[in-house]
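This report is meant for a reader who is meeting the structure for the first time. Please look over the sequence and the model before reading on.

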Amino acid sequence: MTTPTFPAATTAPTASDAAPGPTVVAGATGKTGRRVADRLEAAGLPVRRASRGATPRFDWADESTWAPALEGASAVHVAYAPDLAVPGAPEAVARFAAAARTAGARRLTMVTGRGETEAQRAEALVAEAFPARTVLRCSFFAQDFSESFLLDPVLDGTLALPVGDAVDPFVDLEDVADVAVAALTDDQHAGQVYELTGPRLLSFADVAAEISAASGRDVRFAPVAMSDFAAGLAADGVPDDVVALMQYLFTEVLDGRGAYVTDTVEQVLGRPARDFREFAVREASAWRARS
C-alpha cells in the first residue's frame, strides 16, 4: 500500500479553487459520479456530466466520444463501470487519462477498489499517463446495499452470499465524494493514493443486523457455497461475465486482505469517516420501500 502524505484538512471548495474550465465527471449517472457532480455544482463550479445520454455523448466503449467530452476540461473524475476487473478496463482507463492530459486537464481522480489486482494495475497505468492523478482506493461501498446489486437480497430478507465470516470496513460514498471533490479542487492532493474505508470492520451478518435495526425490516445473513451462489445467479439470467465478476469480488477481494481500517477520510477531511450505522439510519427509506 502506498502511504499518503496528508495535506491539511480540506475545507469546502469555492469557485476560486478550481482552474478555468469544467470538471468532467465520467460516469456522472453512477453512484459516485452523481454525488461528485452535485457537490461541485453546489459549490458554484462548472461541471460537465459525461454519460451516454449527455451532450456531447460519452461512452467508455466508443473512444471517438472521449475527446469531445474532455474538451476544455480543467479536472476529471473517473469511475469506470461496471468494474476495473473487466478485461481491458485498466488499459481503457489509462487511455482515457492520457486523453484528459492531452486535453489540458490538471487534476484527475479515479475510483478503484482495495485488494483488486486489476484495479491496482489500472492505477499503475494511469500513473504513467497522468502522474498528478489522485487515487481513491475504496473498500466495499455501503451503498451496495441500498442502491446496487445487494439491494434486492436485502429487500428479499436474506443476504445469501459466499463470504462466510469475512469482514470489511464498508465506506460511505458520501465520504468518497467529499474526498474526490477535495482532490478535484486543490493541487495539494496531486499524486496521492488515498485508501478510503469506514471506521470499523463489519461482517455481513453485522450488516444485516444494522439494516434490520435501522429499517425495521427483518434481514438475515445466510452463507452459501460459491457454486450455489453462481448457479443461482445464472438461473436468474445474470450474464456469464457478470457471474464471473461476482465470483471474483466475493472470493479474491474478500479473502481477508482488506480486513483493516484506515483513518484516511479523517486525515483528508478533518472529520471521522461516517459509520455504517449512520449510513443505515440515513438510508433506511430504501429498505422500507417494499415492506
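In which helix is A89 found? In this predicted model, A89 belongs to helix α3, which covers residues 89-102. Buried or exposed, how does A89 count? A89 counts as buried, because its relative accessible area is 0%, and the cut-off for that word is under 20%.

Once its neighbours within four places in sequence are left aside, A89 is in contact with Y80, D83 and L84. Between A89 and R133 there are 17 Å in space, from C-alpha to C-alpha, while along the sequence these two residues are 44 residues apart.

## The sheet

The sheet is open and has six strands, which follow the order β2-β1-β3-β4-β5-β8 with parallel pairing. Its edge strands are β2 and β8, the latter formed by residues 193-196, and each of these pairs on one side only. From one strand to the next, the twist averages 15°. As a general point, strands of a sheet pair through backbone hydrogen bonds, in either a parallel or an antiparallel sense.

Strand β3 takes part in two of these pairings, which can be followed through V76. With β1, the strand β3 pairs in the parallel sense over four bridges, and V76 is the bridge partner of V24. With β4, which runs parallel to β3, there are also four bridges, and here V76 stands opposite L108. Further along the sheet, β4 is joined by five bridges to strand β5 (residues 134-138), again in parallel, with V111 standing opposite L136 of β5.

In a regular strand, side chains alternate between the two faces of the sheet. Together with α3 and β4, the strand β3 makes a β-α-β unit that is right-handed, and α3 is the helix in which A89 is found.

## Helix α1 across the strands

Helix α1 lies across β1, β2, β3 and β4, and it runs at about 165° to β2. How does the distance between its end C-alpha atoms compare with the expected span? The twelve residues of α1 (residues 31-42) should span 16 Å at 1.5 Å a residue, and because the end C-alpha atoms are 17 Å apart, the two values agree.

The buried residues of α1 are T32, G33, R35, V36, A37 and L40. An α-helix has 3.6 residues a turn, so residues three or four places apart point the same way. The buried residues of α1 pack against β1, β2, β3 and β4, and also against α6, residues 173-184. After α1 comes G44, whose phi is positive, near 80°.

## Aromatic pairs

How many aromatic pairs does the structure hold? There are 19 aromatic pairs in the structure. One of them is formed by W66 and F96, edge-to-face, with 5.5 Å from centre to centre and 90° between the planes. This pair links distant parts of the chain, since W66 is in helix α2 (residues 66-70) and F96 is in helix α3, 30 residues apart. W66 counts as buried because its relative accessibility is 3%, and F96 is likewise buried, with a relative accessible area of 1%.

A further pair, which is tilted, joins F145 and F204 at 6.1 Å centre to centre, with 55° between the planes. It too links distant parts of the chain, from F145 in the loop between β5 and α5 to F204 in helix α7, 59 residues apart. F145 is buried, with a relative accessible area of 1%, and F204 counts as buried at 1% relative accessibility.

Notes. Residues are numbered from 1 along each chain as its sequence is written. This is a predicted model: local features need pLDDT of at least 70, side-chain atom pairs count only at pLDDT 80 or more; totals for chains, interfaces and linings use all residues. Side-chain values use heavy atoms; hydrogens and water are left out. Helices (H or I, at least four residues) and strands (E, at least two) are DSSP runs, numbered from the N terminus. Buried means under 20% relative accessible area, exposed over 50%, partly exposed in between (1.4 Å probe, protein chains only). Contact means heavy atoms within 4.5 Å. The expected span of a helix is 1.5 Å times one less than its number of residues. Two strands pair if DSSP finds at least two bridges between them. A crossover is right-handed if, with the strands pointing away from the viewer, the path from the first strand over the helix to the second runs clockwise. Axes are lines fitted to C-alpha atoms, for helices over the stretch in contact, and angles run from 0 to 180 degrees between N-to-C directions. Rings of Phe, Tyr and Trp (its six-membered ring) pair if their centres lie within 6.5 Å; planes under 30 degrees apart count as stacked, over 60 as edge-to-face and the rest as tilted.
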